[in-house]
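Let's take a walk through this model together, with charged side chains as our guide. Please have the sequence and the 3D view open as you read.

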Amino acid sequence: MTISKSTVPVRTLVDLARLAGVHPGTVSRALAGKTVVNDETRQRIEALAIEHNFQPNLMARRLRTQRTGVIGIAVPLGHERRQHVSDPFFLTLFGHLADALTERGYDVMLSRIIPDAEDWLSRVVHSGMVDGVLLIGQSDQFDVIEAVAENYRPLVVWGSHVPGQRHCAIGVDNFAGGRLLGERLIAQGATRIAFMGEIRTLEITERYRGLCAAAESAGTPPPIQLDTHMASDVMGEEIAANLDRVTGKIDAIACASDVIARRTIGTLAERGLSVPGDLRVTGFDDLPFTAQMVPSITTVRQDLEIGSAAMIDALFARIAGETAPSVEMTPRLIVRDSA
């Protein structure tokens, strides 16, 4: 009795190759989209694979190619252990990165990391689970990142760049961004500026330094730095306490992030103070909600879509063994109602 080809079980590349009348290597190359297989043969093999519901063994392929098909995205929180990945900044940047990676055929492994030892990043990059790692933020882990970057190339970080830095960082010029906000507030008549933010990370420190530089150039007093954490569970209480300290002594507030600015404006409204009437307030990041608030928030844009694309390009260049230097984007002042 003759068995029709359609009833023959197709479980392996060899089965499919026998059905197609070609070598198993041709099947493997055709299903991987290799151009060495002519279009007619590739299309015939793909049609047979669909007809027989054939699924290539991805684990075997990954063992052969020494690739996992997975990119790790990690959010290190050494400076702020209570902050969550649901923070609007993290979600916005992660969304851009995940979209770009899936379009390239990669899976994503997301980790929120509270550094518990000096080797936390080494454990991630050498886990054998990822082909490369993207870090969202440097936190207070600059030295740890530098040490790993010396021997592990497919590592790209969202953050600041300083002279002599080993690791590849993509981000905005935070010093210039802080200076833009200071110049804007001073041009609007501010002479006593407060800065809401905790200066434990390189990015936030640079924003504060830029603000101070603008004040110094204008001959106004140095901005008052007020510790304000990014964690939502303590942010409100800290902003309220900070306002208790400085209300009546300041005429403007530059916030380290848009999220802090949003909470600050809300707290001021609860106290019967208007923005910008009683106090001018600025943010940093230009997250989507800043244009929708009342008042809308004057802020500095660090283009997360362009920045995420630069991170992906740099990562895959490094995976391929190429050189990919750091990129420092130019900040852009976005003037809205709050200042």
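**Charged pairs and where they sit**

A salt bridge here is a side-chain nitrogen of Lys or Arg within 4 Å of a carboxyl oxygen of Asp or Glu. Helices (H or I, at least four residues) and strands (E, at least two) are DSSP runs, numbered from the N terminus.

Before going on, keep in mind that this is a predicted model: local features need pLDDT of at least 70, side-chain atom pairs count only at pLDDT 80 or more, and totals for chains, interfaces and linings use all residues. Residues are numbered from 1 along each chain as its sequence is written, and side-chain values use heavy atoms, with hydrogens and water left out.

How accessible are the two partners? Asp244 counts as exposed at 55% relative accessibility, while Arg271 is partly exposed, with a relative accessible area of 35%. The classes are buried for under 20% relative accessible area, exposed for over 50%, and partly exposed in between (1.4 Å probe, protein chains only).

Now turn to Arg336 and Asp286, whose closest N and O atoms are 3.0 Å apart in another salt bridge. Arg336 lies in the segment after strand E12 (332–334) and Asp286 in the loop between E9 and strand E10 (299–301), so the pair ties together parts that are 50 residues apart in sequence. Both Arg336 and Asp286 are buried.

Arg200 and Glu198 also form a salt bridge, with 4.0 Å between the closest N and O atoms. Arg200 is partly exposed, its relative accessible area being 41%, whereas Glu198 is buried at 16%. Elsewhere, Asp39, Arg42 and Glu46 are linked in a network of salt bridges. The whole structure holds 16 salt bridges.

Leaving aside neighbours within four places in sequence, the contacts of Glu203 (heavy atoms within 4.5 Å) include Trp158, Ser160 and Asn174.
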